[in-house]
Amino acid sequence: MLELANKRIVLGLTGGVACYKLAEFVRRAQDQGAVIDVVMTEAATHFITPVTMQALSGRPVFVDAWDPRVPNNMAHINLTRGADAILVAPASTDFIAKLAHGHANDLLSTLCVAKGTCPLLVAPAMNREMWLHPATQRNVTQLQADGALILGPAEGNQACGEVGSGRMLEAHELLAELIAFFQPKTLSGRRVLITAGPTSEKIDPVRVLTNRSSGKMGYAIAQAAREAGAQVVLVSGPTALDTPYGVNRVDVESAAQMHAAVMSEARHSDIFIAVAAVADWHVANASDSKLKKNPDGKAPDLQFSVNPDILADVAGMADGPYCVGFAAETENLHQNAEAKRQRKGVPLLVGNLAQQAMNADTTELVLFSQQGSQKLPVLPKLDAARRLVQEVARQSSARPR
Ligand code: CTP
């Protein structure tokens, strides 16, 4: 599915080395179906040429307010009408100051004043001292008060050789922010704790006991919750997946480590979604040195102990978060999942068939609650996650902590 299908974005470039990142951004946004109209300040043309941006966007690039190509000479009006968002990236110190004061003395600043209800997203890019300057901070606060969304900036190495805050977000991060912008903010200001992936239980230094969870569903839910405005902590077993943008990931291996990480976060969380496929047992007599083949040909004598039930422990907390469980079943989904929901004491449990969901990119979820069950269609995991997050937001807000 194209994340930015039918979206027309006005991309405003101002003067900054970070202009080079927008070449990549335009390509990636187009891959997601966006139509991009590029507007550049004169300063931006010193860093990347209009020719490059035109070749990439496939559309005319606008720099001058007096552009003879525009029949009515009103590019500042034409471009914003019907646009879904204006993204100013990189936004220089000077341009942010202009925006905060409502200046309209070049095409891009005029367009930002003439935009009407078109949303404005601003990605600052500047030296750390310029970013920290009280005037810049005042201007940014003013822009936020005027309804602009500030993206970043990030911390790190700067083009000037200094290190600090003021780096513009990377192209893929800008894209993640833009996609998230169009999602409903149903979890705004809420803290969501999620477990994902398998656990890995040590047998000896080179062998583990694990399961076939890829972590894809839990990671998709973490992304969807973040897009919905939540602060997300993802406690993850070993997976090969990239951390979703803006999500705080805590890596663990064993069920005991996952339990400890979750219990220390749960008290500060509003919602807990347990997606991890937690091993039910660990090896009680795990060895610190590699187990060698028995000369008599016998398999090693492994003994198992039961792992803590993380979901049940969080659900049992006094004043704990709203809890959502998962159940991947191989048969009798309805009976097994509803029984599990009651056994774990959670208001919402999400069931699916393990053989369909394992390692797949799509899933068919069934939501079980006290009100009964609700089946979602077969969807890509991210779409299913977004639907689930909306439902969790609705049900959890109906139940105050
Ligand atoms: N879960 C957990 N801690 C465990 C086991 C499971 O938090 N030690 C959570 C899972 O993350 C999931 C839910 O409980 O949200 C159900 O997991 P599942 O393995 O299906 O449940 P079990 O209680 O292990 O039941 P079964 O007998 O089917 O294995």
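Visitor: Where is Phe 47 found?

Guide: Phe 47 is found in the loop between β2 (35–40) and α2 (50–57). Helices (H or I, at least four residues) and strands (E, at least two) are DSSP runs, numbered from the N terminus. This is a predicted model, in which local features need pLDDT of at least 70 and side-chain atom pairs pLDDT 80 or more, while totals for chains, interfaces and linings use all residues. Residues are numbered from 1 along each chain as its sequence is written, and side-chain values use heavy atoms, without hydrogens or water.

Visitor: Why does Phe 47 count as partly exposed?

Guide: The term rests on relative accessible area: buried is under 20%, exposed is over 50%, and partly exposed is in between (1.4 Å probe, protein chains only). Phe 47 counts as partly exposed because its relative accessibility is 42%.

Visitor: Which residues make the nonpolar surface patch?

Guide: A patch takes residues with over 30% relative accessible area and no salt bridge; nonpolar side chains (Val, Leu, Ile, Met, Phe, Trp, Tyr) are joined within 5 Å, like charges within 9 Å. The areas come from the Shrake-Rupley method with a 1.4 Å probe, and for residues only the protein chains shown count as cover. Here Val 17, Tyr 20 and Phe 47 make a nonpolar patch of about 320 Å².

Visitor: What does Ser 57 touch?

Guide: Contact means heavy atoms within 4.5 Å. Leaving out residues up to four places away in sequence, Ser 57 touches Val 26, Gln 30, Ile 36 and Val 38. Ser 57 lies in helix α2, and it is buried because its relative accessible area is 6%.

Visitor: Which residues of helix α4 are buried?

Guide: In α4 (residues 93–101), the buried residues are Phe 95, Ile 96, Lys 98, Leu 99 and Ala 100. Their cover includes β3, α5 (107–113), β4 (120–124) and α7 (134–145). Just after α4 comes Gly 102, with a positive phi of about 70°.

Visitor: Which residues have a positive phi although they are not glycine?

Guide: Most residues other than glycine have a negative phi, and most peptide bonds are trans. Asn 73 lies in the loop between α2 and α3 (75–78) and is partly exposed, at 39% relative accessibility. Asp 319 also has a positive phi, of about 60°. The place of Asp 319 is the loop between α11 (310–315) and β16 (322–329), and with a relative accessible area of 57% Asp 319 is exposed.

Visitor: Where are cis peptide bonds found?

Guide: Pro 90 is in strand β3 (residues 85–91). Another cis bond joins Gly 152 and Pro 153, where omega is about 0°. Pro 153 lies in the loop between β5 (149–150) and β6 (154–157).

Visitor: How many residues of each domain are in contact with the other?

Guide: The bounds come from an automatic or database domain assignment. The chain is divided into domain 1 (8–181) and domain 2 (191–398), with 40 Å between their centres, taken over C-alpha atoms. Six residues of domain 1 are in contact with four residues of domain 2. Buried area is the accessible area (1.4 Å probe) that two parts lose on being put together, summed over both. For these domains it is about 430 Å², 58% of it on carbon and sulfur atoms.

Visitor: How many salt bridges are found across the interface of domain 1 and domain 2?

Guide: A salt bridge is a side-chain nitrogen of Lys or Arg within 4 Å of a carboxyl oxygen of Asp or Glu. Across this interface the rule finds one. As for a named salt bridge, the side chains of Glu 177 and Arg 226 meet in one at 3.5 Å, N to O.

Visitor: How far apart in space are Pro 377 and Ile 77?

Guide: Pro 377 and Ile 77 are 42 Å apart, C-alpha to C-alpha, and 300 residues apart in sequence. Pro 377 lies in strand β19 (residues 372–380) and is partly exposed, with a relative accessible area of 40%. Beyond residues up to four places away in sequence, Pro 377 touches Thr 363, Glu 364 and Arg 387.

Visitor: What separates the C-alpha atoms of Val 163 and Asn 127?

Guide: They are separated by 8.7 Å, and the two residues are 36 residues apart along the chain. Val 163 lies in strand β7 (residues 163–167) and counts as exposed because its relative accessibility is 53%. Not counting residues up to four places away in sequence, Val 163 touches Arg 128, Gly 156 and Asn 157.
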